[in-house]
Amino acid sequence: MLIRKAPDIRTSDITPKAVYLRRREFIQAASGAAVAAAAALAPPAARWASAQTGQKLANVKKSPLSTTDQPNRFEDITSYNNFYEFGTDKESPAQNSKRFKARPWKVAVEGLVAKPAVYDIDEFLKPYTLEERVYRLRCVEAWSMIVPWIGVPLADVVKRLEPTSKAQYVEFTTLYDPGQMPGQRANVLPWPYLEGLRMDEAMHPLAILGVGLYGEVLPNQNGNPLRLVVPWKYGFKSVKSIVKIRFVEKQPRNTWQVMTPDEYGFYANVNPQVDHPRWSQAMERRIGEFFRRKTLMFNGYGEQVAHLYTGMDLRKNY
């Protein structure tokens, strides 16, 4: 990867190379992001109701993996989003997802796995206990939030699906529905959105499938009804509105890697020592704060995840 130092730039100047000429400037952040809670014992209609109802989730297990950082506000995490399926401006997802229907919803499981099937989402998640996990969220655009997610450990789901010994990676696919997702009507990205994890990353206890935040069902703009949350990686890795999980032998190509491979790689680990070609990653601005702070290696989760990358050159494997 070509590493070039860049001067400090405004948040409004930061946008992927592939789209910055086709959109207006990013709005300024309002402030902060979220707190979470959830439940597996409530009836399906209550657990997975439309986010616009503000449906609460109950019987949520508190996770010891949560950060002690103060969570951001619900209002900010639900109004300052990257979700290009609903538009490229930060406010577009909240504005353009209001009529999005997350029911009925199916999740297809494919590839090198013992239990391939198309699952109704309620049946897919029924065996699991939901957990509250307050995680740091760090975006490649040099801003961050503290989000209280609700979800299930991805490792539990993977184990239940029984991938074969040949499965080395897990690929995730977002819904493709231009009728509901107006951002997909534009040729901004190759749709549908794809992401992937190495199997040991998917099995790490920090990785979850998110279904809620701040004690409520996921709002549409945050990935309703099912999204990935991988807190030691940049936010674009956490694919939203998942409809397919595929187990494969070879490393899958993720969307941004396909779109601009000189800027985005497969691993997407938060690394302040590796600049994006157009700006520095050494500092970040937490939404709701005026001053910038130093970016932490692996987003502050180095003690838990650094061993996954022992011996790897993280400048080349960005």
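Predicted model: local features only at pLDDT ≥ 70, side-chain atom pairs only at ≥ 80, totals over all residues.

Visitor: Why is the contact between R286 and D69 called a salt bridge?

Guide: A salt bridge requires a side-chain nitrogen of Lys or Arg within 4 Å of a carboxyl oxygen of Asp or Glu. The N to O distance between the side chains of R286 and D69 is 3.4 Å, so the pair qualifies under that limit of 4 Å. Helices (H or I, at least four residues) and strands (E, at least two) are DSSP runs, numbered from the N terminus. D69 and R286 also belong to a network of salt bridges with R136, and the whole structure holds 18 salt bridges.

Visitor: What makes R286 buried or exposed?

Guide: Buried means under 20% relative accessible area, exposed means over 50%, and partly exposed lies in between, with a 1.4 Å probe and protein chains only. R286 has a relative accessible area of 9%, and is therefore buried.

Visitor: How do you know that E110 and K244 form a salt bridge?

Guide: The closest N and O atoms of E110 and K244 are 3.8 Å apart, which is within the 4 Å of the definition. E110 is in strand β2 (residues 106-111) and K244 in strand β11 (residues 242-248), 134 residues apart.

Visitor: What makes the pairing of S280 and D275 a polar contact?

Guide: A polar contact is a pair of N or O atoms within 3.5 Å; within protein, one must be able to donate a hydrogen and the other to accept it, and residues adjacent in sequence count only if both atoms are side-chain atoms. The side chains of S280 and D275 make such a contact at 3.5 Å. The side chain of S280 also reaches the backbone nitrogen of A282 at 3.0 Å. S280 lies in the loop between α7 (255-259) and β12 (283-286), and its relative accessibility of 22% makes S280 partly exposed.

Visitor: How do you know on which side of helix α5 its buried residues lie?

Guide: In α5 (residues 154-161) the buried residues are L154, A155, V157, V158 and L161. They cover an arc of only 160° around the axis, and therefore lie on the same side of α5. The arc is that of the directions from the helix axis to the C-beta atoms.

Visitor: What makes N59 and F298 worth noting?

Guide: Most residues other than glycine have a negative phi. N59 has a positive phi of about 55°, and F298 has a positive phi near 55°. N59 is partly exposed at 47% relative accessibility, whereas F298 is buried at 6%.

Technical notes. Residues numbered from 1 in each chain as written. Heavy atoms only, no water.
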